[in-house]
Amino acid sequence: MSTDAPLPSWSIYAILIAQGGGYAILVWFLGRARGKTADSFLSGGRDIGHGMINASVVATWIWAATLMISSWTGYHYGFIGPWWYALGATVPLPLMAYLGRRIKTVMPQATSYPEFIRRRFDEKNHVLHSAISTVVALWITIMIITGGAIVGHAFTGAPFWAIAVLMVVIFVSYIPLAGLWASIFADTIMSLMLYVCLMVLAAAVLIKIGPSEIFHGLSEVARTQPLLEPGTTEAHHSSQWDGLNWLNPSGLGFLIVNTVGNLGAVLCNQTYWSRVTGARDPQTVFKSFMTAAICWWPIPLATGTALGVTALSQGLVVGETYSFGDAAMVFTEAEAVAPVMAFLVLGFVGLTIFILAVGSATVSTGAGEILAVTTVFVNDIYKGHINPRASDRNLLTASRVSLVATAAILLAVVLIFRHVGFSFAGMYQAMGITFSSAVIPVIMACYVKSTNRNGAFVATILGSVCGMSYWIATGADLLWGVVWGNIIVLGVSALIVIPWTILRPQPFDFDSLTEAEGVLSTHPTLS
Amino acid sequence: MTEFWYVLNHWGTVVWLFAAGLYTWFAVGSDLVSMLRKRRNDTKAQASGGPEPEALPDHPRKD
């Protein structure tokens, strides 16, 4: 049998179509009333409970990369890799719990975080954060669609473009029915499915191989020092031969990059603020983001340990062909260690479960990100600037048109990037360096009443410029260049906005936000 | 790292995953039950002559 694409191409179509169709039917039955007004379309009705918000945040923060790269860290850095990966990516969620509760308390009618920035700061900061939020969401969606389609193509042989088109069609199949509520509801179902898939894989590794055998395998790798990734550097090999070390130094650098880079991807991303908007009250926001952090952490940790660390302990070599019964599969690259290990443990069932998990992660996050772009466009740009007196019907139409247009543009960009062979290597790190400079100004906007508006604006731009300049000067180095780039971004941003605020404080009354109407009010108060 | 600590680490990750999964299932189930119960009550209220609850604005304004 061919080892190029171990699963038939119809399997990925079946997985995606079943998901899209199922969500569309369920959303139509349970939540179509939420699509009747613009406010409920973009805010989800502001009455969603803890369970759904918690599950939605977990699903939104799980990408295909979470499952693939966490396992790669286990294969690359040993047992500590998944810990560093999970810790770094979890940090933004508790922070969001505090910021989300704060905004939900001081401005309960806010629909987007740029809307809060507009009232809290001024017009220029609003434009800046609207742009940042839009670019972050668009960029993440492009990476998610591309990543999901590459994984689907690699393991089923279905054409890249067909998978990408199908994903985008699914995004716009159920979201227009009920907006944010539909996104959160579908996230919830995907989150439940994801847990089942990963629990099956983790339990299978535990039963079929067992921790003791894995430990002895790691000890053997440390003793014999086999060449597992031919063609890579000596430092790379040393990391793999150090799989039982608590303080693997390369892993520590990864922790810093993951922590700082992810702060921008969450705190400056309307997708997460939409979950704040949709939640019932400030307590629900706080509890949901806190439990989401606790519930999200074990996903990359257990997956990376079960699949990545186990693969290292078994001495899997990149480029080799591995078999399960009569079936065989090539271990093409280190990043694909998770599906290979799933295949070795449970055969095609394991591989199918893994692809199902990846498909769920991709659809849930992608749909949420596209809706976030729509929210910022309709709430902050269309209603905020272009047509402040737009009727509810206009806003609802603008939301649906914007959703479909965003999806179409993204699909075109994804296909063009693929056609010209655009490399995504380092782009996620670049995004972290570019946008994490907004993190400290956003935190200060929420909590420091004397924050200087100009200071926040300049800190966001200069922090980003300094971090990017340094990173480019290092030749876009993906090891310590990224680490220092991230540190510089946060450091410069803090060094500008904090002294500026101390020297030129601009007092602000947070109580003035509480009674303010949202932008989606039919009587605009912003002008 | 000794074998004891590795085994503890591995079991810990799996137990944590199962606990998180079960908690999420329980919390979502609880939410969905509340939602369906509310829908049933709303339908009953509507059938007995009251207004359609979800047709009301999400946040009635004072004006």
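Before I start on helix pairs, a reminder to myself: axes are lines fitted to C-alpha atoms, for helices over the stretch in contact, and angles run from 0 to 180 degrees between N-to-C directions. I also keep in mind that this is a predicted model.

**Entry: a helix pair.** I looked up helix α1 (residues 9–31) of chain A against α17(A), and found that their axes come within 10 Å and cross at roughly 45 degrees. Angles under 35 degrees would count as roughly parallel and 65 to 115 as roughly perpendicular, so I noted α1(A) as oblique to α17(A). The crossing of α1(A) past α17(A) is right-handed. On the α1(A) side I listed A:S11, A:I12, A:I15, A:L16 and A:Q19; α17(A) answers with A:T352, A:I355, A:L356, A:G359, A:S360 and A:V363. Sorted by class, this contact has six nonpolar, five polar and no charged residues.

**Entry: the core.** Next I asked which members of the largest nonpolar core touch the most others. Of its 192 residues, these are A:M167, A:L198, A:L201, A:V337, A:V340 and A:A342. Helix α17 (residues 337–386) of chain A gives the most to this core, with 25 residues. I then followed A:A342, whose contacts beyond four places in sequence are A:L201, A:L307, A:G350, A:L351, A:I353 and A:F354.

**Entry: chain A meets chain B.** I found 35 residues from chain A and 24 residues from chain B in the contact. On the side of chain A, α10(A) gives the most, with nine residues. That side has 23 nonpolar, ten polar and two charged residues.

Note on methods: Residues are numbered from 1 along each chain as its sequence is written. Chains are lettered from A and ligands numbered from 1 in the order in which they are written. This is a predicted model: local features need pLDDT of at least 70, side-chain atom pairs count only at pLDDT 80 or more; totals for chains, interfaces and linings use all residues. A nonpolar core is a set of buried Ala, Val, Leu, Ile, Met, Phe, Trp, Tyr and Cys residues joined through C-beta atoms within 7 Å. A residue is buried if 20 or more other C-beta atoms lie within 10 Å of its own, exposed if 12 or fewer, and partly exposed in between; C-beta atoms are placed from the backbone. Helices (H or I, at least four residues) and strands (E, at least two) are DSSP runs, numbered from the N terminus. Two residues are in contact if their C-beta atoms, placed from the backbone, lie within 7 Å. Ala, Val, Leu, Ile, Met, Phe, Trp, Tyr, Cys and Pro count as nonpolar, Asp, Glu, Lys and Arg as charged, and the others, Gly among them, as polar. Angles under 35 degrees count as roughly parallel, over 145 as roughly antiparallel, 65 to 115 as roughly perpendicular and the rest as oblique. A crossing is left-handed if the near helix is turned anticlockwise from the far one by less than a right angle, and right-handed if clockwise.
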